[in-house]
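Biologist: I am new to this structure. Could you take me through a few of its local features?

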Amino acid sequence: MNDSYSILIWLTLVCAASVSSAEDQLELVTQFQGGRHWVDAETAPPRTPEETLQSFEVEPGARVELFAAEPLVKDPVAIAFDEQGRMFVAEYGDYPVGPAEGDKNLSRIVLLEDTDDDGKADRRTVFADDLKFAHNLMPYRGGLLVGAQTDILFLQDTDGDNVADRREVLFSGFKAAHPQMQIGNPRWGMDNWVYFNYGPGKITRTSDGATVDMPRSEFRIHGVTKEFGPAGGLGQYGNTIDRWGHRFFCTNRNPIMTTAMTNGDVTRNRYRRSFSAQYDVAPSGGDARVFPLIAMKSNYLSHAGTHTAACGTTAYLGDRFGGDYLESVFVCEPIGHLVTRTIVSRNGSTLSAERARPKADFLASTDPWFRPSSLANGPDGSLYLADMYRLWVEHPKFLPDDVAAKLDWRAGEDRGRIWRIVPDSEEAAQPEFSAPQTDADLVALIESSNGWRRFLGQRLIVERQQQKLAGPLREVLKNSPRPESRLHALWTLEGLNQLESDDLQFALHDAHPEVRIAGLQLYAARSVDAPKLLDDIIPLVSDDHPGVRYQLLLSLAESESVNARRALAEVVSRDGAEKFVRHAFLSGAAESSTLYLSQLLNREEFTDKSAEWKRELVSELAQIVGRRGDAEDVAAVLKMLGNGERQPQWLQFAAMAGLADGLALGRHAEFPTFTALLQNPPAGCEVACEQLRTVLDAAATIALDSSLNADRRLAALELVAREKSDETQRVLFELLEPSEPIALRSAALEWLSRFSESEVAEKIAARWRSFSPALQSQAVAVLLQRPAQTIVLLQQMQEKQIPSSVVDLDQRVRLLKHRDEAVRKLASQLYGEAVSANRKEVIASYRSCLETQGDVNRGRALFEKHCQKCHRRHGVGEDLGPDISDLANRSAEAVLYDILDPNRKVEPRFAEYVVVTASGLLHHGLMVSESETAIVLAQPGGKTVEIQRSDVDDVQNTGKSLMPEGMEKEMDPAAMADLLRFLQN
């Protein structure tokens, strides 16, 4: 079972009927677990293709036609067309659990042909069989690339009999998560790299034995050189390139995602804190609405009415549909028996999407066997849809064992359909596709109005390294009226290694922004060879298109030109409120952060008014200076900041705080801390440091001055608290006094978490009775971070100075399982067993909660107390754990099943990680990103924590949910009824 209902499991872990025996009770309860509320229901028989066609409701203006059905095709999940226009189909016969032991693999690639030109397939040829969990394919170098669980295969027919007689492993070592999440879905990108979904593992290129340890990310190989490595983001089963070269991918709850920066962009500045460049283009989770015509039967019923199995993400590249179809991305939802359509547009530095129809999907069916898996653009401009046509497509891994045992997982293995989607009416017949025979044919493909043909032309020219076509391609770049063709011509020249400065100059002055963006991208890759192009590039700082200005930041990131850096400062001053604009700007600031600070500090439009994004930007630039530790740069920043007459106080505070952080991270012997730097200034900085000491001293005074507004005091505290000193402790403990505003008390507690001494814990505990409930919860979180301080807290509880009830359930579970023996012993004395050992008895004792009409207001209060740190409902709480936005669609009994065992089936992305630092600090949370330099955990309450790799002593994946068992110790049946009422109201 997926842990997506974390809160549900957390919540009703204990409600159920009082019956004659525990065994009877378990049977009563478990009939509603996961699929138990539908597993015994009668299933409808499969329909004929003609009957299924009649079951479709399709968006007006489109029509669905049958292209192929059983027995010609079985279990189709992916479609691709080769350079001859022939359809190849991946049949996923291994799904879900593979063959019986000793039997051959069940996945196949088949060739489907229409030999009589009636618009329907009539011949099937098995191109390759005995493939291990192969659910994808892409034409490549006269054959096919296929991801097969742990390997990337190359399959080729060399003797013309339409059967692959060459089967070669190109790359091996991929680590599959499960049959829905493994290496696959290769797509030729506009940049001549081939992109795959889900590439973790220790990957070996078999041709020469080269290896790469792949992180949890996508995978890519260069279409010519076979260079390989990570690509940005992490998808599941859906990968597509749109007509402008944007790559989109998906996971089951995130139908359309992309990345704002490449891996190279993200890692360019080694002095920066790590961050994720992946983001949702379309709404995700509970906001990813779908409108099925029949019930969505799966283990994810709390996701009813939303994407729960998003897959097959496909950008439309054809030319049979016009209008907003040209910017459309389609996503399959096999659990909902439907396909969605969204329209993608530019939104500043990022892309966003909205539904084509607010309350209806592109295609939906009343046939419960209809299982759309992926789509493909065809040579004829149509869309082709792979319909696996199975009774069940959920994986048994995510269902209780007894439920999974009742389902016929092979039902429909002898069936499958390929549907063609065309306009309902067309003014003119589409030109037939003919396989390219000549050089002129290849160039004509680049000029086509059909995006599938354009990509084909580019791929074939680059694969074959047709150097003699550079001239004709330049003619397309200069003269084609179609911007997409000019874009393909540009990248094809790059793939031939024939790109010249004049070509880039044309691109940089192109009328279409996407071509200008491509020109900037290619300049970045070749800037050493084309310095004269700067005169064409720098004016783009005033480009009307935000995407061009954003790419300018990335493309000039490594430029050493003073004019280029001035241009970048101008862009960030204009667009810096967007986070990815700041990320792009800072990606190039490793060696030039001092210069950028100087430029920004001298721009009146930047310094005239404080804004949060400006403070963050200034602080990060100063942090880079400090972390890098170049003495001349540090001195230059000190002099800049020491000029108090010119610099506003907010800017001084932000920059000094960033510099302090950077010095702490850099650990430089010459100036180990900011205070040490001010006390022993570099030569020539004596006056500046004296002025900054005054600012620093004033910051402490301002932070403690109760006559000033809280915002100004908080800004000062941000600077004061960076230094770990006795004086800092004094200021922080003064701010814990009851007379101080709650915001300042909370900030002081947060900064005190940096101090490891037991005495700090004792001083916090001594002020316990003055804390509000919110501050008490925060103080508990602070004191649980280090074993020594945790012991102080538990001892205070034993002595009745602090009530033991302030430690919530999940914290108690961790204490009782703590790695420190002394902590475990004290926790055991206070709390006993972590949870009730007998789930059946607990369930029986809570039966009344299902029959009681709870109070929604009391339930809201309980949710806020126990659940909101990790889950969001009715506008309350945080989105850390799995989405629970659609609980109203679940029966109370079904909810009851889902909460019986929170750790039974935990999806990897919701598993808890524990990171132990070298100083003994413990961090718990969900791993949201990792890099060579840092690990980032998301924690309850909307917090994130970044741990530098150099500080990490141990990292453990507990395999468990952040959600604890044992809710019965916190809530009686009446209270549980209230909570359920709030959740399902």
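**A sheet, some loops and a helix pair**

Modeller: Keep in mind that this is a predicted model. We can start with an open sheet of four strands, paired antiparallel in the order S3-S4-S5-S6.

Biologist: Which strands stand at the edges of that sheet?

Modeller: An edge strand has a single partner strand, so one of its sides is left without a neighbour in the sheet. From one strand to the next, the twist averages 20 degrees. The edge strands are S3 (76-81) and S6 (123-131).

Biologist: Which residue in the loop between S2 and S3 has a positive phi although it is not a glycine?

Modeller: Look in the loop between S2 and S3. Phi there is about 55 degrees for a residue that is not a glycine, aspartate 75.

Biologist: What is omega for the peptide bond from tyrosine 95 to proline 96?

Modeller: Proline 96 belongs to the loop between S4 and S5. Its bond from tyrosine 95 is cis, with omega near 5 degrees.

Biologist: Which side chain makes a polar contact with the side chain of asparagine 162?

Modeller: Asparagine 162 lies in the loop between strand S9 (151-156) and strand S10 (166-174). Beyond its neighbours within four places in sequence, its contacts include Leu111, Glu113, Thr125 and Phe127. The polar contact between side chains, at 2.8 Å, is with arginine 86.

Biologist: On to the helices. How are H19 and H22 oriented to each other: parallel, perpendicular or oblique?

Modeller: Helix H19 (residues 631-642) packs against helix H22 (residues 686-704) with axes 8 Å apart. The angle is about 55 degrees. Angles of 65 to 115 degrees would count as roughly perpendicular, and those under 35 as roughly parallel. The pair is therefore oblique.

Biologist: Is the crossing of H19 and H22 left-handed or right-handed, and which residues meet?

Modeller: The crossing is left-handed. By class, the contact has five nonpolar, two polar and one charged residues. From H19 come Leu638, Lys639, Leu641 and Gly642, and they meet Ala688, Cys689, Gln691 and Leu692 of H22.

Methods. Residues are numbered from 1 along each chain as its sequence is written. This is a predicted model: local features need pLDDT of at least 70, side-chain atom pairs count only at pLDDT 80 or more; totals for chains, interfaces and linings use all residues. Side-chain values use heavy atoms; hydrogens and water are left out. Axes are lines fitted to C-alpha atoms, for helices over the stretch in contact, and angles run from 0 to 180 degrees between N-to-C directions. Helices (H or I, at least four residues) and strands (E, at least two) are DSSP runs, numbered from the N terminus. Angles under 35 degrees count as roughly parallel, over 145 as roughly antiparallel, 65 to 115 as roughly perpendicular and the rest as oblique. A crossing is left-handed if the near helix is turned anticlockwise from the far one by less than a right angle, and right-handed if clockwise. Contact means heavy atoms within 4.5 Å. Ala, Val, Leu, Ile, Met, Phe, Trp, Tyr, Cys and Pro count as nonpolar, Asp, Glu, Lys and Arg as charged, and the others, Gly among them, as polar. Two strands pair if DSSP finds at least two bridges between them. A polar contact is a pair of N or O atoms within 3.5 Å; within protein, one must be able to donate a hydrogen and the other to accept it, and residues adjacent in sequence count only if both atoms are side-chain atoms.
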